[in-house]
Amino acid sequence: MTDFLIYLIEGALIGQVYALIAMGFVVIYRASKVFNFAQGELVVLGGYLVWWMVLGSGLPAWVGIPLAFALAALTGIVIERIFFSRLVGESLFSMVMVTVGLLVLLRGVFLVIWGAHVRPFPMIVPMRPLILGELFISRSLLIGGAVTVVAAVGLSWFFNRTTAGLRMTAVAEDHQIAMSLGISVKRSVAFAWMLGAVLSTVGAIVFLNGKSLSFLASDIGFAALPVAMLAGLESIGGLILAGLVVGIAQGMAAAYLDPLLGGGVSTVLPFVVMILILFFRPNGLFGWKLIERV
Amino acid sequence: MAMLPSGVFAVRYAQDRALLRTRPQWVSLALFMLLLALLPHLVTPRLLAIANLMLVTAIVVVGLQITLGYAGQVNLGQSAFMGVGAYAAGVLSTKWSLPFLVTIPLGGVAAALFGFVFGLSAVRIKGFYLALTTIAAQFIFHFAVLNLPVSWLGGSNGISMHPARLGGIEFSTDVSIYYLFLVSCTLMVAGAFGMMRSRTGRAFIAVRDDDVAAGMTGIPVVRTKAMAFLVGAFYAGIGGGLYAYYIRFISVDQFNLFNSVWYLGMIIVGGTGSIVGALLGTFLIRAFQEVVTSIGPLLAELVPWLGGDIVFASMNILLGGLIAFFVIVEPDGLMHRWNILKASYRLWPFRY
């Protein structure tokens, strides 16, 4: 029973980490209509920036981490300037293809800047677990879960209730219509990438805390994909529930199916779930249902 | 639309349908094929090996061109589809010792069915959600190979293959493989040309340009999209099978997401919606890859802290940069540029 509870709680919390990473996808989608294939690379970028600011330069964490956020935001704006500012009005296909290009380009750039070897990631949150009776709960995961919930609620409010957020929502619905209403698509896209990069840095801190960092950490980007799909690409609040579902399913698979079927089930299960979702409920649980008129 | 020189009129339907309409077109194609046929005697063994790789990649990329460039369905799983073909051909030839004339098409069929399943999600989904199922295809392929019993697909050990045999000929040298690949590639490319001007191909184009409008004109949109995946994956499977007979060793790492991105890059550089563009893109990008690999040691001196990884890193930068550059600056690829050049040459000295 205790084992079951541990798997359940761990799964749920890891699901929240996925949700946090997936929030990067959703935020970029919600403000620019671009599906960002390079999400994993943004997480790696965040990871390296935090490493660089905290361990590399020896600054204390409370200085280094805000600096890392600022640098991530700056990188987001630079990405918009270089790659997207000239694509306003082009087809969505072009924009998404650019993110596919970014996926490999950023990986190469990180390799050149930071090299291929594995680095230790700073311990921002203490590793000592929280003990509740017989349960050991990882402190970083717990804090990560809290951060996810706070971020989801905050961003949800921002995108659904504030004027600025609703403007971006309009951009996500249709670039041309948004422009004709006087909304700056460029600014929205720039903000999307800024926010996406900062969120990915938060995700990197939670995900990598006390672990090791190399460019291969970008796999998390694709692992978080099923969570974003289950929630529906437009829903930020839905990520919490989707994260719980995927995380718990994965935790249970890791605990009870992997020993039976020889490992790996827990890695592929989210993708199977994702395909099933796409078949039966293509807009996810909370995604927008688009009505097409001719 | 390709522009013909003035004075070329079709007076019969057969002429109107013909791919090659003028004598210069026939002559240049014949010369090109002659050059390809003589290539093994003209180049060094190293270049011939590269040519082999180019030919087999060309088949896969033409398949991707059909799915992506003609039918407009983004596919990030082409490399997994290729892997399915390679594994199917590998298992059929090593376990059941079927001849390669049977295993290659069956590999193609296996890949086509695998691709079809993911294409079927087009029933419900549009646009980039569809691309996501192809990413899932990549992960599921990887998982299936590594986790099915080792006696089925070899697990992480991979599969070692015997060389292909046809009659008394064994395709074990680069030269013999080259001719095998040249014939296969020519057949596949000719098939693609034929298909793209058939009813199916035109349905692909209609669906790409506007699927609502296509549906209105009576094209079964979902079936057409699934068909595009079927055909594209079939090409990938054929390419994968041939690749397996060439390398004679299959492992799951040869078919990763990164390769799919390379294929995508080839399409974008060459030009979407053009078979010749796919061939051109394959040629240029493969050549680029070889150049980077060969100047790798030089680069390693420039960036000493990376050592051997510099080749991998610069490949990434090159590929990502090329994709981004072409999408931003020349979204229709080099073929578009070439057509503009050709048109302006024909019209010269007039502007239009």
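Modeller: Helices in this account are DSSP runs of type H or I with at least four residues, strands are runs of type E with at least two, and both are numbered from the N terminus.

For chain B the mean pLDDT is 87, and 96% of its residues reach 70 or more. For the complex, the predictor gives an ipTM of 0.84 and a pTM of 0.89. Where pLDDT is low, the predicted coordinates should not be read in detail.

Chain B as a whole contains 16 helices and four strands. Its radius of gyration is 21 Å, close to the 20 Å that the globule rule gives for 352 residues, so chain B is as compact as a globular protein of that length. Along the principal axes, its C-alpha atoms fill a box of roughly 65 × 50 × 50 Å. Of the 352 residues, 45% count as buried. Among contacts in chain B between residues at least 6 apart in sequence, 75% join residues at least 24 apart.

Within chain B there are two domains to consider: domain 1 (44-255) and domain 2 (256-352). Their C-alpha centres lie 22 Å apart. The contact between them takes 24 residues from domain 1 of chain B and 18 residues from domain 2 of chain B. On the domain 1 side, the elements that give two or more residues are α3 (45-70), α4 (78-94) and α8 (174-196) of chain B. Of these, α3(B) gives the most, with 13 residues. By class, that side of domain 1 has 16 nonpolar, seven polar and one charged residues.

Chain B also meets chain A, where 35 residues of chain B are in contact with 38 residues of chain A. On the chain B side, two or more residues each come from α6 (128-147), α12 (257-270) and α15 (309-329). The greatest share belongs to α15(B), which gives 13 residues. The side of chain B that touches chain A is made up of 26 nonpolar, seven polar and two charged residues.

The partner may be described briefly. Chain A has 12 helices and four strands, and 54% of its 294 residues count as buried. Its radius of gyration of 19 Å agrees with the value near 19 Å that a compact globule of 294 residues would have.

The peptide bond from B:W348 to B:P349 is cis, with omega near 10 degrees.

A positive phi is also found in chain A, at A:K33, a residue other than glycine whose phi is near 70 degrees. A:K33 is found in the loop between α1 (2-32) and α2 (39-56) of chain A.

Conventions: Residues are numbered from 1 along each chain as its sequence is written. Chains are lettered from A and ligands numbered from 1 in the order in which they are written. This is a predicted model: local features need pLDDT of at least 70, side-chain atom pairs count only at pLDDT 80 or more; totals for chains, interfaces and linings use all residues. Two residues are in contact if their C-beta atoms, placed from the backbone, lie within 7 Å. Ala, Val, Leu, Ile, Met, Phe, Trp, Tyr, Cys and Pro count as nonpolar, Asp, Glu, Lys and Arg as charged, and the others, Gly among them, as polar. Domain bounds come from an automatic or database domain assignment. pLDDT is the predictor's confidence in each residue, from 0 to 100. The radius of gyration is taken over C-alpha atoms; the globule rule is 2.2 Å times the number of residues to the power 0.38. A residue is buried if 20 or more other C-beta atoms lie within 10 Å of its own, exposed if 12 or fewer, and partly exposed in between; C-beta atoms are placed from the backbone.
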